[in-house]
Amino acid sequence: MATTLDLVSFLVLLSSVCCREPQPAQENVSPIINMQLDSRKKMLSWNYIRNVSEQECVIYTPLGSPTSQPPQVTEDDTHYCIFRNHVLHRGANLTVNVTCDGNVFQELLVFANPGVEGSGAMNFSCFIYNVRFMNCSWAPGSRAPADVCYQLFWWASLHEDEVECPHYIMNSEGMHVGCHFDQLGEPQNMDNYFFLVNGTSRTAAIPFLDFVPFQAYKIEKYDPPTNITITYNRSHHIIKWDNPEIRYDLSSYVLYYELDIQRAGSSSKTKHVFQRGQDPNVYLMPSSAARVESTFRARVRYVYNDLWSEWSPTVLFGLPEEREPRGAMFDVVVWAAAVPALLLMCLCKRFYRSHKLFPPIPQVKKEITGALMPTLEVAWDDGHPPPGSQEPEDVLMVEETW
């Protein structure tokens with residue numbers, strides 16, 4: 001009986017050994033396990049079951065070139081790579097390449113953005129204004145269902161939790177198409193804002209929309225230039241203005257100004273002037289380039305973006321040497337004409353008064369002259385007039401007879 005049992009046990013053992021599939025050697029098994037992707041943080045993470053000597057992680061995206069980087073490790077021996085400057089909403093392939101015991105291993109993770117293509121948000125943009133406010137906007141996808149509801153999440157650090165938009169902006173159909181942030185907190189020199197727009201619908205899955213980090217100092221829309229003054233030094237108009245208040249501590253040189261100087265009464269437009277910021281901001285305009293009435297206004301932006309400020313209030317200025325000499329010459333001409341006229345009026349008035357008080361006596365001059373002047377008597381010698389005298393005239397007396 002014992003011999004029979006031993007025989008049966010031997011046959012069972014032999015059968016199990018013969019039928020068992022061969023196990024691969026440990027050196028042929030990939031040491032990479034638990035590979036996963038956090039799409040919000042764009043963080044690929046994994047663990048190892050054996051020590052590795054070389055390692056790298058690589059991301060492939062449809063519109064980008066492959067990017068590799070060395071992994072980092074946490075306190076619990078989790079290895080990870082963060083691809084913050086890539087977008088995932090178009091899908092991505094991510095690989096981890098390692099060398100272990102002289103063998104090279106590669107693990108691949110294929111990521112696809114779930115949802116109906118063309119239903120996600122599009123044309124996303126944000127800008128900071130008035131130092132502490134921010135507005136973001138987007139447009140519905142061309143294939144978005146009528147009941148789609150978009151949601152915006154943002155965070156300033158990968159170590160922070162995302163925060164949903166506090167104040168949504170809606171279009172005429174009640175759809176979320178923007179967000180207003182009324183408090184950005186204290187600025188940091190290296191502020192980076194991360195955004196993610198996803199959507200929900202009862203009829204279809206909506207893919208999310210992600211972005212590379214927004215560098216906050218590059219998306220600020222400044223206030224217009226302030227404290228504009230224009231003075232004149234006989235050769236130039238000296239135009240000065242102050243830099244606007246901005247959120248971040250940047251050099252004045254990264255401010256870019258557009259100056260609009262137009263001549264009044266001219267149908268043609270003068271080309272605008274562009275210049276970098278200074279301390280202080282000064283523009284010298286030759287006096288010959290300005291007429292009596294000219295206008296000045298300015299606007300500003302960060303040199304590496306296109307977010308122009310609004311135009312400053314328009315300032316009127318003129319050319320003193322054209323306006324003042326002409327005014328002085330006009331005054332001289334007026335006075336030159338007025339003074340003789342006044343004198344003539346005074347003389348006429350005085351003569352009129354004296355003429356009225358002492359009216360002239362008819363032929364008084366003849367009578368007085370005849371009485372006062374002596375009669376000239378000339379002696380003739382031998383019946384001849386003296387030299388130089390006129391010949392006497394013969395007077396014919398005619399008597400009238402009746």
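The protein has 3 helices and 25 strands. The model described here is predicted. Of the 402 residues in the protein, 32% are buried.

**Overall fold**
- The protein exposes about 27,100 Å², and 56% of this area comes from carbon and sulfur atoms.
- Taking contacts between residues at least 6 apart in sequence, 62% join residues that are at least 24 apart.

**A five-stranded sheet**
- An open sheet is formed by 5 strands, in the order β13-β14-β10-β9-β18, with mixed pairing.
- Its edge strands are β13 (167-170) and β18 (220-221), each of which pairs on one side only.
- Within this order β14 stands beside β10, and the two strands, residues 176-181 and residues 133-139, pair in the antiparallel sense over 4 bridges.
- Asn 135 has His 180, in β14, as its bridge partner.
- In general, strands of a sheet pair through backbone hydrogen bonds, in either a parallel or an antiparallel sense.

**Glu 54**
- Glu 54 belongs to strand β3, which covers residues 54-60.
- The relative accessible area of Glu 54 is 53%, so the residue counts as exposed, the cut-off being over 50%.
- Leaving aside residues up to four places away in sequence, Glu 54 touches Asn 97, Val 98 and Thr 99.
- Asn 97 lies 43 residues from Glu 54 along the chain, and the C-alpha atoms of the two are separated by 8.0 Å.

**The largest pocket**
- The volume of the largest pocket is about 260 Å³.
- Its lining consists of 16 residues, and those nearest the pocket centre are His 89, Glu 117, Gly 118, Gly 120 and Pro 207.
- Strand β16 (residues 206-210) gives the most to this lining, with 3 residues.
- Sorted by class, the lining of the largest pocket holds 8 polar, 6 nonpolar and 2 charged residues.

**The second largest pocket**
- The second largest pocket has a volume of about 220 Å³.
- The residues that line the second largest pocket are Lys 41, Met 43, Tyr 80, Ile 82, Arg 84, Ala 156, Ser 157, Leu 158, His 159 and Phe 194.
- By class, this lining divides into 6 nonpolar, 2 polar and 2 charged residues.
- Lys 41 and Arg 84 are among the residues of this lining, and both residue types count as charged.

Terms used:
Residues are numbered from 1 along each chain as its sequence is written. This is a predicted model: local features need pLDDT of at least 70, side-chain atom pairs count only at pLDDT 80 or more; totals for chains, interfaces and linings use all residues. Side-chain values use heavy atoms; hydrogens and water are left out. On a 1 Å grid over the protein atoms alone, a cavity is a set of points where a 1.4 Å probe fits but cannot get out, and a pocket is an open set with protein on both sides within 12 Å along at least five of seven lines; lining residues have an atom within 4 Å of a point. Grid points are joined across faces, edges and corners, and a volume is the space filled by probe spheres set on the points. Buried means under 20% relative accessible area, exposed over 50%, partly exposed in between (1.4 Å probe, protein chains only). Contact means heavy atoms within 4.5 Å. Accessible areas come from the Shrake-Rupley method with a 1.4 Å probe; for residues, only the protein chains shown count as cover. Two strands pair if DSSP finds at least two bridges between them.
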